[in-house]
Amino acid sequence: MEVCSELGQIARANARRCGLRNITVIEGDVLSLDLRTVMPRADVVIMEMLDTGLIAEQQSQAMSHLHEQEIIRAGTRIIPSRMDSYIELVNYDFDFYGLDMRFPLHARNYGANKRVTQILTTRKRFESVDFSRPVDERVRTSVTVSVHRAGLANAVRLKSKIMLSPTVALWGTSDMCVPAIVPIRERRLAAGQRARLSISYSRGRGLQQVQVSLRDADGTKPAMAGESHRA
Ligand SMILES: C[S@@+](CC[C@H](N)C(=O)[O-])C[C@H]1O[C@@H](n2cnc3c(N)ncnc32)[C@H](O)[C@@H]1O
């Protein structure tokens with residue numbers, strides 16, 4: 001299935017060129033098409049409308065639509081079958097050409113990743129999406145991370161891992177599920193502290209709406225001194 005008709009035509013031409021005659025490309029929006037008219041059920045669903053945490057792309061909505069239409073049933077093999085997403089506190093260099101450009105961004109290339117100047121905490125899983133069931137579109141959760149290195153936290157880095165099979169996992173590549181950097185209100189952290197991170201967003205709506213807040217996990221003060229209001 002392909003929503004962009006130019007890409008659909010290219011896919012058809014590629015299949016023809018490769019001598020693959022058992023491929024039908026359906027042009028249309030997987031979110032709204034009534035697929036039951038073209039296939040009663042699917043034995044295998046392979047879908048790559050993926051990005052870290054399913055924040056920007058619409059795999060969750062598309063998979064839920066296939067569940068609603070009962071195209072996915074017991075026994076349907078789904079690739080990837082699961083996505084686990086992780087969060088860690090970092091210091092990120094938001095200085096671009098002398099300008100403080102503090103906004104959520106996809107660390108799409110290696111240059112963007114090099115701007116992580118310090119990783120301050122353990123990386124913690126904040127959710128696990130199982131595509132064999134309809135996916136909840138609202139994410140609102142909290143996790144506790146341990147600070148293993150003192151420093152100034154000004155962002156979180158989000159990463160996702162997908163399961164291609166029960167034994168084959170794939171972390172982000174340079175193009176798929178690239179890490180996402182979300183600025184937070186700056187806090188100076190000491191090694192040994194525990195921090196509570198809350199994250200909320202609606203899937204498929206883009207990085208700008210992601211909310212992340214940080215507080216002391218133990219509720220004692222002044223576990224996190226040095227807060228500033230730059231972000
Ligand atoms: C990330 S790309 C997948 C690229 C593919 N795996 C490849 O290596 O060429 C996602 C594809 O899904 C298509 N797409 C996005 N939303 C769609 C929708 N609602 N219905 C059908 N296709 C959609 C996009 O046009 C794009 O071709």
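Residues are numbered from 1 along each chain as its sequence is written. In this predicted model, local features need pLDDT of at least 70 and side-chain atom pairs count only at pLDDT 80 or more, while totals for chains, interfaces and linings use all residues.

The protein chain is divided into domain 1 (1–30) and domain 2 (35–231). The bounds come from an automatic or database domain assignment. Taken over C-alpha atoms, the centres of the two domains are separated by 31 Å.

The largest nonpolar core has 36 residues. Such a core is a set of buried Ala, Val, Leu, Ile, Met, Phe, Trp, Tyr and Cys residues joined through C-beta atoms within 7 Å. A residue is buried if 20 or more other C-beta atoms, placed from the backbone, lie within 10 Å of its own. Ile87, Leu89, Val156, Val182, Ala195 and Leu197 have the most contacts inside the core. Helix 2 (59–68) and strands 3 (82–92), 8 (124–130), 10 (151–163), 12 (180–189) and 13 (194–202) each supply at least two core residues. Strand 3 gives the largest share, 6 residues. Helices (H or I, at least four residues) and strands (E, at least two) are DSSP runs, numbered from the N terminus.

Neighbours within four places in sequence aside, Val156 is in contact (C-beta atoms, placed from the backbone, within 7 Å) with Ile87, Glu88, Leu89, Val90, Val182, Ile184, Leu197 and Val212.

Side chains alternate along strand 13. Ala195, Leu197, Ile199 and Tyr201 point to one face and are buried. Strand 13 runs antiparallel to strand 9 (residues 138–146), joined by 9 bridges. Pairing requires at least two DSSP bridges between two strands. Thr144 stands opposite Arg196. Strand 13 also runs antiparallel to strand 14 (residues 211–216), with 6 bridges. Here Ile199 stands opposite Val212.

In helix 2, the buried residues are Gln59, Ser60, Met63, Ser64, His65 and Leu66. They pack against strand 1 (44–46) and strand 8. Glu70 follows the helix, with a positive phi near 60°.

The ligand is surrounded by Met1, Glu2, Val3, Cys4, Leu7, Asp29, Val30, Leu31, Glu48, Met49 and Gln58. The criterion is a C-beta atom, placed from the backbone, within 6 Å.

Note on methods
Buried ≥ 20, exposed ≤ 12 C-beta atoms within 10 Å, placed from the backbone. Contact = placed C-beta atoms within 7 Å.
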